Amino acid sequence: MSSAQVVNVTLPALSGWSADKDFNAVGKLSASTQRNLEPVGPHFLAHARRKRHQRTFSEDERIQAQQNSQDHYAVLGLSKYRWRATPEQIKRAHRKKVLRHHPDKKAALGDRDENDNFFKCIQKATELLTDPVKRRQFDSVDEAAEVEPPTKKEASKGNFFKLWRPVFVAESRFSKIQPVPQLGDENSTFEEVDSFYNFWYTFDSWRTFEYLDEDVPDDNENRDQKRHVEKKNANARRKRKTEDTARLRHLVDDCAAQDERIKNFRKAARAGKDKKRLEKEAEAKRLADEKEKARQEEEQRKKDAEEAAKLSKNKRVLKGSVKDVNYFAESGEPSAAQVDSVLTDVDFVISKIDSEELAALAERLTGAGKDAAAVKGVYVEEVKRLVGAGKAKEGEAKFFA
């Protein structure tokens with residue numbers, strides 16, 4: 001290894017600069033304020049514990065791990081990783097602990113028994129965590145890896161996604177199906193949110209509880225006792241499994257109840273249903289209106305046809321009335337001029353009266369029959385009425401004047 005080389009360098013002097021003349025302050029210091037600081041947090045507590053017991057970092061770590069000897073991740077210093085720790089991380093942690101806490105390393109300190117016990121904890125933790133089956137059993141009941149769900153009050157005051165996301169990340173370690181759908185955020189679509197909750201409501205968990213089993217007696221002991229303990233363990237596992245399923249269902253229910261996205265989706269769905277209902281009602285009203293309009297038009301058409309038929313019939317009555325009296329000819333056939341004169345006056349009268357007046361006139365002419373004088377008298381009276389009503393002028397109907 002090359003030796004370090006010392007180089008003596010003199011800093012250049014500042015020429016022509018003076019602090020009194022050339023220094024310009026760009027701000028002012030605020031007045032000092034006295035505040036009471038209260039040390040808190042896990043790091044301060046660890047510091048206070050080490051100071052109180054006069055321990056080094058290594059000694060305190062060992063003692064804390066011994067007190068939590070059933071927490072195999074804590075023994076190896078993998079508390080922050082837990083079920084996420086990779087096999088390589090476990091191997092490195094084991095190697096590091098062995099180098100620090102091997103009995104041969106501490107023999108000179110006179111605490112061989114204590115260190116032997118802790119070393120056994122290290123070996124036990126490594127043996128369990130490097131065995132996939134045993135590690136899975138331990139992870140299944142690792143309470144330190146659980147994340148408590150937020151209460152309704154906490155969720156209402158804090159960020160819903162920030163509070164609930166760690167809960168489902170922790171629970172997802174038990175899923176047989178990977179990857180697990182994410183909670184998402186406020187911009188998640190309905191399909192994404194629906195897929196998330198459907199997944200958790202039908203959650204397929206591999207979680208078992210063998211780690212909590214009561215020890216089964218050796219084969220050399222009473223077989224009945226062994227079967228009894230095995231049966232007792234199986235019942236306890238089923239009970240814990242049922243309780244865990246109910247716990248998870250309740251957890252998902254609470255999350256869904258606090259999820260504003262579901263409320264917004266339901267509100268939008270109701271609005272969509274209301275819109276469709278209103279559109280359906282409007283369409284039904286439109287069809288009913290069209291049907292009513294068609295019915296009225298048909299009735300009006302029939303009425304108009306009846307009126308037209310009645311009008312045509314009454315016109316025929318008027319023209320037939322003068323024909324029946326031979327166009328008022330006194331003898332023989334009437335001349336063409338007389339026929340034309342009579343029919344012209346009849347058409348004139350028809351053009352000046354409405355349908356009701358035409359019907360009344362036809363009725364009077366029918367009553368007059370074929371009496372020429374009576375028929376002519378009816379026409380004369382009608383012409384006088386028209387002149388009196390201002391609908392005709394004197395002398396316009398020349399034959400019936």
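Trainee: What makes the contact between Asp-253 and Arg-249 a salt bridge?

Mentor: A salt bridge needs a side-chain nitrogen of Lys or Arg within 4 Å of a carboxyl oxygen of Asp or Glu. In this predicted model, where local features need pLDDT of at least 70, side-chain atom pairs need 80 or more, and totals for chains, interfaces and linings use all residues, the N to O distance for Asp-253 and Arg-249 is 3.7 Å, so the pair meets the definition. Residue numbers start from 1 along each chain as its sequence is written, and side-chain values rest on heavy atoms, without hydrogens and water.

Trainee: Where do Asp-253 and Arg-249 lie?

Mentor: Both are in helix H12 (residues 223-258), 4 residues apart, about one turn of the helix. Helices are DSSP runs of H or I with at least four residues, strands are runs of E with at least two, and both are numbered from the N terminus. By that rule the protein has 16 helices and 0 strands.

Trainee: Why is Asp-253 called partly exposed?

Mentor: Buried means under 20% relative accessible area, exposed means over 50%, and partly exposed is in between, with a 1.4 Å probe and protein chains only. Asp-253 has 32%, so the middle class applies. Arg-249, at 45%, is also partly exposed.

Trainee: How do you know that Arg-277 and Glu-281 form a salt bridge?

Mentor: Their closest N and O atoms are 3.1 Å apart, and the limit is 4 Å. The two residues are 4 apart in helix H13 (residues 260-324), about one helical turn. Arg-277 is partly exposed at 41%, and Glu-281 is partly exposed at 42%.

Trainee: What does the salt bridge between Lys-319 and Asp-347 tie together?

Mentor: The N to O distance is 3.5 Å. Lys-319 lies in helix H13 and Asp-347 in helix H14 (residues 336-352), so the pair ties together parts that are 28 residues apart in sequence. Lys-319 is partly exposed at 39%, as is Asp-347 at 37%.

Trainee: Which residues do salt bridges with shared partners join into one network?

Mentor: Glu-146, Glu-171, Arg-207, Asp-244 and Arg-247. The whole structure has 28 salt bridges.
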